[in-house]
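Here is a model to explore together. Take a look at the chains before reading on.

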Amino acid sequence: MKEALTGGPPRVAVHNNPKFRSAFYQIVVLAVVLACAYAFAVNASANLRAQGFASGFGFLGNTAGFGINQTLIDYSETDTYGRVFVVGLLNTLLVAIIGCVLATVLGFIIGIARLSPNWLIARLGGVYVETIRNLPLLFQILFWYLAVLGTMPSPRNSIGLGLQPILSAIGDGIAALALPGADAFRSLAASIGPPDVYLNNRGVILPRPLLGDGFEWVAIAFGLAVLLAIVLRIWARQRLDATGKTFPTGWAAFALMVGLPGVVLLALGVPIGFEHPQLRGFNFVGGVRLIPELVALLFALVTYTAAFIAEVVRAGIQAVPRGQSEASQALGLKRGLALRLIIVPQALRVIIPPLTNQYLNLTKNSSLAVAIGYPDLFAVFAGTTLNQTHQAIEIIAITMAVYLAISLITSILMNWYNARSNRRFEC
Amino acid sequence: MDIAFVRRELIAPLPPPLATRGMLGFARQRLFGGVLNTTLTLLSLLLLIVVLPPLLRFLIIDAVWDGASRVDCLPETQGRPVGACWPFVAAKFRQFMYGFYPEAEQWRINVTYALGVILLVPLLIPRVPYKTWNAIAFFGLFPLVAFVLLVGDVLGLPHVETRLWGGMLVTLVITFTGIIGSLPLGVLLALGRASKLPVVRMLATIFIEFWRGVPLITVLFFATYMLPLFLPGNWRIDPMLRVLIGVVLFAGAYMAEVVRGGLQAVPRGQYEGATALGLGYWRMMGYVIMPQALKHVIPGIVNSFISLFKDTTLVLIVAIFDLLGQLRAAFADPNWATPVTLFTGFAFAGMIYFLVSFGMSRYALFVERRLNTEQAR
């Protein structure tokens with residue numbers, strides 16, 4: 001009785017003490033995990049010894065001995081597995097970057113179309129999203145690769161893409177309906193000349209830009225313009241805070257970034273040309289050829305991811321309450337200003353986190369390239385290299401680490417952005 | 001001074017102008033209001049004209065409906081342009097559905113499917129009673145029965161090796177195993193991530209973020225090539241089992257994030273109330289928190305099942321032939337090599353994939369609406 005009156009913590013048995021229990025459970029969990037890891041390590045080393053394959057990362061210096069059908073840097077069969085890794089990584093990044101840009105453009109167009117007051121456009125957008133999202137991505141990749149690009153004509157019968165084929169097709173259509181004006185379209189088509197983009201069973205042929213001497217000056221001018229634009233923005237911000245006067249930063253920056261390189265370009269006499277692809281015999285000479293694997297993969301990834309981005313954009317725009325646009329109207333803001341200052345910033349705050357998620361998904365999904373033989377990181381490294389060296393643990397660990405690193409860097413950037421935008425909206 | 005005539009009663013309102021009513025009003029407002037709107041409508045109509053009639057011609061009007069070999073699907077034989085070659089699908093139907101499962105044993109697959117449907121349908125209809133027993137039968141008993149039926153080797157059923165399995169069978173087995181494996185794993189991981197014990201929380205977070213950060217195909221390669229190395233040398237794991245383990249780990253990590261969202265939506269007062277009643281951790285979670293959390297995220301759970309269903313196609317890269325894998329294998333058959341075979345096969349498989357995923361997403365929407373009305377009451 002005395003003890004209870006003097007206070008102090010109540011006496012409990014050791015096994016009922018919360019601190020003891022929590023420490024005990026944590027030690028048990030940790031012990032189980034460590035025991036599993038230890039067992040895995042022991043088994044792995046025993047199995048590797050039994051199979052007689054080498055281990056360690058020494059294989060990265062060995063000669064690869066296989067060719068790769070698309071390389072952004074110089075590569076030959078005598079190069080090492082380490083170089084194969086770099087070639088694959090660059091190919092993955094190429095698909096990821098082009099894919100993200102195109103998917104964003106298409107996704108925004110479709111997302112806005114779904115909110116259009118035009119009934120037909122909104123319905124078409126909905127049908128697109130539902131169809132694409134409910135079919136597996138690998139199915140779509142194989143469809144574009146095997147069924148669409150695989151059945152394209154040979155180079156001699158290539159399909160030309162451009163204004164000229166469209167105009168001559170319109171001309172033919174008008175002629176078939178026996179209407180006047182067919183010749184005008186045909187002569188216009190002829191005056192434009194042959195198209196520069198061709199589609200055939202060997203991929204897509206594009207003109208190759210040729211950069212003449214002194215082009216590096218144009219690049220330097222562009223870099224300078226970007227720097228100037230940043231300085232300008234900081235200055236405009238400070239002036240806004242100090243005096244309340246606005247400055248058309250966007251237009252000025254645009255003018256700088258187009259104008260400065262443009263002036264240098266003109267001063268140098270426009271050192272840009274195009275090498276046009278031409279059909280010689282059975283194949284095209286000149287120009288850049290995109291391999292069909294790349295075209296099919298990009299097409300599938302872009303259309304697939306765009307369907308998801310469209311939903312993200314739609315949700316983001318719908319998340320801005322109606323009162324926001326009504327209030328900005330009441331404040332006397334013009335429609336453009338209201339969009340730029342009130343609606344878009346709030347919609348973007350909702351759109352950007354899931355949008356980044358879609359970029360990550362696209363990058364991870366690009367590993368499906370292995371199914372059609374596009375030489376991305378996964379196909380050349382976890383595919384061919386693994387088959388040749390049998391060093392499964394090292395190779396799969398490296399491959400997983402690359403994708404993990406991309407994910408982690410993106411999520412760190414995302415958290416930083418979220419913290420920053422939340423701070424801005426709180427004050 | 002004239003006395004003006006004042007009407008005593010209100011005139012009945014005129015009907016709205018013809019142009020704003022009915023079909024005409026709809027068309028004027030939603031299709032042809034303004035230059036931009038009209039242009040968009042015309043462009044959409046053009047798109048529909050370019051796409052729809054050829055699609056219809058290919059799938060139905062010009063399609064070949066019966067035949068025995070590739071010859072029947074050639075324009076020269078038919079004497080007209082040829083659309084889809086449906087006899088190809090009919091000839092390969094067994095392969096698409098069962099893979100190379102021995103023909104004499106295929107009744108076992110059909111019995112399994114029938115059992116699954118009988119148990120699943122009442123589970124999906126909200127009005128049917130005995131949900132708990134139904135769920136126990138579907139998630140607990142049915143997998144055991146299906147395993148015995150499909151693998152065999154007991155009760156006088158001959159053993160069928162998993163490398164003979166294929167087609168829709170593999171797609172459904174992987175999806176179903178992924179579902180019943182990932183749900184408990186996801187719940188445990190979500191609890192771990194929300195735990196107050198720092199070591200448990202850290203391990204669960206690392207586990208979840210690791211599997212979510214890598215593509216599924218690396219997980220399948222991990223399961224196929226690396227997992228056997230981690231186990232004692234005399235253990236042999238079946239290739240199908242390896243893939244199933246990989247899929248469950250991967251889907252479990254995604255499921256954990258969905259469940260975590262549900263846990264966060266449960267109000268604090270529920271935890272405090274349960275503690276005040278003297279419930280311990282597991283009772284509190286099992287009786288109070290989890291039922292509410294899971295109910296919140298049923299649409300999210302169904303959505304991750306849809307992704308899982310679509311992702312099963314990836315197993316063809318590790319040489320397990322699901323529906324898409326069998327489709328690809330069927331294209332290589334020279335007996336059916338025609339210009340339209342590829343498009344026919346993709347049209348068939350596309351319809352199956354679309355119907356299943358679309359059906360699941362509609363169901364998620366239905367449940368979501370139902371839950372919303374319950375909350376509004």
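The questions below cover a helix pair, a chain contact and some strands.

This is a predicted model, in which local features need pLDDT of at least 70, side-chain atom pairs count only at pLDDT 80 or more, and totals for chains, interfaces and linings use all residues. Residues are numbered from 1 along each chain as its sequence is written, with chains lettered from A and ligands numbered from 1 in the order in which they are written.

Q: Are α10(B) and α13(B) roughly parallel or roughly antiparallel?
A: Helix α10 (residues 239-265) and helix α13 (residues 298-311) of chain B pack at an angle of about 165 degrees, with their axes 10 Å apart. Angles run from 0 to 180 degrees between N-to-C directions, and those over 145 count as roughly antiparallel. Therefore α10(B) and α13(B) are roughly antiparallel.

Q: Which element gives the most to the side of chain B that touches chain A?
A: The contact (C-beta atoms, placed from the backbone, within 7 Å) takes 42 residues from chain B and 48 residues from chain A. Elements giving two or more residues to chain B's side include α1 (22-31), α2 (34-61) and α15 (341-376). With 10 residues, the one that gives the most is α15(B).

Q: What is the bridge partner of Leu206(A) in β8(A)?
A: Strands (E, at least two residues) are DSSP runs, and two of them pair if DSSP finds at least two bridges between them. β3(A) and strand β8 (residues 288-290) of chain A pair in the antiparallel sense over three bridges. In β8(A), the partner of Leu206(A) is Val288(A).

Notes. Helices (H or I, at least four residues) and strands (E, at least two) are DSSP runs, numbered from the N terminus. Angles under 35 degrees count as roughly parallel, over 145 as roughly antiparallel, 65 to 115 as roughly perpendicular and the rest as oblique. Two residues are in contact if their C-beta atoms, placed from the backbone, lie within 7 Å.
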